[in-house]
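Please read the points below alongside the coordinates.

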Amino acid sequence: MALFHKVLRGTYILRKCSKPTSALHPLLGIRFADYSSSLQKPVASPGKASSQRKTEGGLQGHHQKEVALDITCPEEKPDVSFDKAIRDEAMDHFRRLKDEIVNHWKGPEGRPLQEALLEQAKVVWQFRGKEDLDKWRVTSDKTIGGRSEVFLKMGKNNQSALLYGTLSSEAPQDGESARSGYCAMISRIPRGAFERKLSYDWSQFNTLYLRVRGDGRPWMVNIKEDTDFLQRTNQMYSYFMFTRGGPYWQEVKIPFSKFFFSNRGRIRDVQHELLLDKISSIGFTLADKVDGPFFLEIDFIGVFTDPAHTEEFAYENSPELNPRLFK
């Protein structure tokens with residue numbers, strides 16, 4: 001009965017279409033026409049009824065070889081409402097905005113203020129699935145014509161992220177770039193409702209904490225502040241991370257006071273402290289001019305408070321270099 005219902009439904013749709021049935025399929029058009037004519041005629045005699053039963057039996061025997069009869073007329077277009085899609089998108093952003101406001105009144109990240117102030121350590125990024133990898137992006141000197149390659153995937157048992165590839169310091173033959181050879185992994189800037197840029201507040205912590213496993217190469221850890229000024233897009237704070245190599249994990253602790261200020265890869269004479277309440281992203285860059293394969297496996301990236309570290313800023317300034325600090 002279900003198959004007979006599908007035949008009736010297909011015949012009804014075929015009758016609605018303005019084009020001939022044979023145009024739907026060159027091989028099946030005649031058979032569909034026979035089905036339509038046989039189904040449209042009323043059953044007037046036992047001979048006709050028996051022929052109709054034979055037709056149904058033939059359909060049941062060959063239903064696996066033939067095309068399904070749920071044919072949509074070409075003139076019938078799906079009902080797509082752009083107004084409804086825009087309205088749903090706006091409602092979703094307003095819902096997210098409401099949650100952000102409620103969490104802001106509760107405390108940092110929706111937690112009580114007392115609980116947040118007493119927190120001594122916090123995991124910001126960990127890698128346990130593909131959704132964690134989507135928070136990062138990789139780049140290399142291929143953007144300027146270089147030959148370095150970098151990839152990011154989940155590690156063994158989906159318990160870490162594996163950054164690997166091949167570094168090549170061969171300069172591109174474009175007549176403009178004289179140097180090349182870098183690969184990087186950068187976190188994506190978090191977004192709120194209506195695609196607003198958000199930032200991380202690490203002001204109650206003083207140390208960056210990582211658990212990594214590498215191949216002995218030195219990496220540069222880069223932290224960017226949240227800024228909307230175009231002239232500050234290439235400014236960042238950096239410090240070195242040295243991996244030991246071998247099969248063992250290592251815990252890396254870098255005080256925020258050690259990060260030095262740079263612009264377009266050059267260390268500036270005037271140094272500024274890192275604003276820990278306006279962190280937008282963090283990244284890892286390899287540019288040690290050693291051609292060949294590399295890898296860096298990361299378990300998690302977090303921050304914590306080290307009570308033994310009391311240094312506020314590791315670099316000196318003078319009135320000539322930074323006069324505003326000595327007014």
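**Notes on the model**

1. N222 touches M236, Y237, S238, S281, I282, G283 and T285, leaving aside residues up to four places away in sequence; contact here means heavy atoms within 4.5 Å. The model is predicted: local features need pLDDT of at least 70, side-chain atom pairs count only at pLDDT 80 or more, and totals for chains, interfaces and linings use all residues. Residues are numbered from 1 along each chain as its sequence is written, and side-chain values use heavy atoms, with hydrogens and water left out.

2. N222 lies in strand β7 (strands are DSSP runs of E, at least two residues, numbered from the N terminus). N222 is buried at 11% relative accessibility, where buried means under 20% relative accessible area with a 1.4 Å probe, protein chains only. Its side chain makes a polar contact with the side chain of T285 at 2.9 Å (a pair of N or O atoms within 3.5 Å, one able to donate a hydrogen and the other to accept it; residues adjacent in sequence count only if both atoms are side-chain atoms).

3. The open sheet has seven strands in the order β2-β5-β12-β7-β8-β10-β11, with antiparallel pairing. β2 (136–140) and β11 (266–267) stand at the edges with a single partner strand each, so one side of each has no neighbour in the sheet. Two strands pair if DSSP finds at least two bridges between them.

4. β8 (residues 235–242) and β10 (residues 260–263) pair in the antiparallel sense over four bridges. S238 stands opposite F260 in β10.

5. R217 sits in the loop between β6 (207–214) and β7 (218–225). R217 is buried, with a relative accessible area of 9%. The R217 side chain makes a polar contact with the side chain of D288 (2.9 Å). R217 also touches other residues, including L167, M241, F242 and F294.

Methods:
Buried < 20%, exposed > 50% of the residue type's maximum accessible area, 1.4 Å probe, protein only.
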